Amino acid sequence: MNLRRLLGLDAKDEAIEEDPTPVGRDAFTKVAPYYDQLMAAVPYRSWVDYVESILRRLGHEPTEVLDLCCGTGQVGSEMARRGYDVAGIDIAERMVRCCYCREPKLPAAVMDAQEPGLREHSLDLVVSLYDSLNYIIDDEGLQNCFLGIGRALRPGGLMIFDLNTERALRIGLFTQNNLGSNEPLAYQWESQWDDKRKLCRVDMKFRWRGPGEKVQFTETHYERAWSEDEIREMVARAGMEILRVYDAYTFREPRMLSNRIYYVVRRLRVE
Ligand SMILES: C[S@@+](CC[C@H](N)C(=O)[O-])C[C@H]1O[C@@H](n2cnc3c(N)ncnc32)[C@H](O)[C@@H]1O
């Protein structure tokens, strides 16, 4: 038996030659008005429960929270409902606009996470969920993101984020469709994996078949796989340290078959 195939590690490797299109100019622009519909089944409340259980385990009681790459604000708004003082930033203007349409509204700004202009020592917690940081695809960009977050966190403050693992991107979890369902937003996605660049390209086709005008559009998304060693080095350069790495929604260490992992990072205290 081919063990690599059995474990889903033999995915097709295809070079991605082009420069990825920036998020906000293509990705998350046309889909923004339909994003919440697309995510209707995503258990955002449970995700916030999980974040809170991590905070309890670590005895961290944040007040001021940033939802980094907040999208339409589902996580930040849920945290605001639970009493945190939350704001969001995201690069895609049309996603940010949606943050003001929800209840409670999430105050949010259009800002590139690769150049976060945030006040020094102003935050107790930064959360960034749903593989948002996989969308930062070059070393300098992710390093600058951590540097900015490291400055904005108070000493002892935490950053909690999830990432799709290399395995998830490699085995084509993004190749999927819902064409057999009755969902008003039909989608068909095809992914491609470039092993050398550790880059996954997803060509997404959408068709709105709900009430009102029929609309069709496409978007192309790129996600980069980041290893734990890369994350460890980058956060260290930003004055932070990895406290925990979890197989998502558990308190276990990641395994070979983990598709999503959570990082808990702490801003070091300045001596
Ligand atoms: C998969 S969505 C997740 C959104 C949100 N965190 C959620 O849980 O629904 C990824 C988000 O990351 C944002 N994003 C990607 N690259 C970014 C960057 N460089 N700066 C800020 N936001 C970015 C996108 O615009 C998009 O809203």
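Asn177 stands opposite Gln188 in β7. This belongs to the pairing of strand β6 (residues 176–177) with β7, which run antiparallel and are joined by 2 bridges. Strands and helices here are DSSP runs numbered from the N terminus, with at least two residues (E) for a strand and at least four (H or I) for a helix. Two strands count as paired if DSSP finds at least two bridges between them. Strands of a sheet pair through backbone hydrogen bonds, either parallel or antiparallel.

The model is predicted: local features need pLDDT of at least 70, side-chain atom pairs count only at pLDDT 80 or more, and totals for chains, interfaces and linings use all residues. Residues are numbered from 1 along each chain as its sequence is written, and side-chain values use heavy atoms, with hydrogens and water left out.

Strand β7 (residues 185–194) also pairs with β8, in the antiparallel sense and over 10 bridges. Two of the residue pairs can be found by eye: the bridge partner of Ala186 in β8 is Arg207, and that of Tyr187 is Phe206. The two strands form a hairpin with 4 residues between them, and Lys198 in the turn has a positive phi of about 55°. From β8 the pairing continues to strand β9 (residues 215–224), again antiparallel, with 10 bridges. Here Met204 stands opposite Glu219 in β9. The hairpin of β8 and β9 has 6 residues between the strands, and Gly212 takes a positive phi near 85° in it.

How much of β7 and β8 is buried? A residue is called buried under 20% relative accessible area, exposed over 50%, and partly exposed in between (1.4 Å probe, protein chains only). In β7, 8 of the 10 residues are buried, so this strand is largely enclosed by the rest of the structure. Strand β8 (residues 199–208) is also largely enclosed, because 7 of its 10 residues are buried.

Next comes an open sheet of 7 strands. Its order is β3-β2-β1-β4-β5-β11-β10, and the pairing is mixed. The edge strands, each pairing on one side only, are β3 (108–110) and β10 (240–247). Neighbouring strands of this sheet are turned by 20° against each other on average, direction ignored. Such angles run from 0 to 180 degrees between N-to-C directions, and the axes are lines fitted to C-alpha atoms, for helices over the stretch in contact. Inside the sheet, strand β1 (residues 64–68) and strand β2 (residues 85–90) run parallel and are joined by 5 bridges. Glu64 has Asp85 as its bridge partner in β2. Helix α3 (residues 44–58) packs on the sheet and touches β4 (123–128), β5 (153–164), β10 and β11 (260–267); its direction makes about 125° with that of β10. Contact means heavy atoms within 4.5 Å.

Another helix, α4 (residues 74–81), is mostly covered, with 6 of its 8 residues buried. These are Gln74, Val75, Gly76, Ser77, Glu78 and Met79. The cover over them includes α2 (35–38), α3, β1, β2 and β4. After α4 comes Gly83, whose phi is positive, near 105°.

The loops hold buried residues too. Ala92 lies in the loop between β2 and α5 (93–99). Is Ala92 buried or exposed? Its relative accessible area is 1%, so Ala92 is buried. Leaving aside residues up to four places away in sequence, Ala92 touches Gly24 and Phe28. Pro211 is 119 residues away along the chain, and the C-alpha atoms of Ala92 and Pro211 are separated by 26 Å. In the loop between β10 and β11 is Thr250, which counts as buried at 15% relative accessibility.
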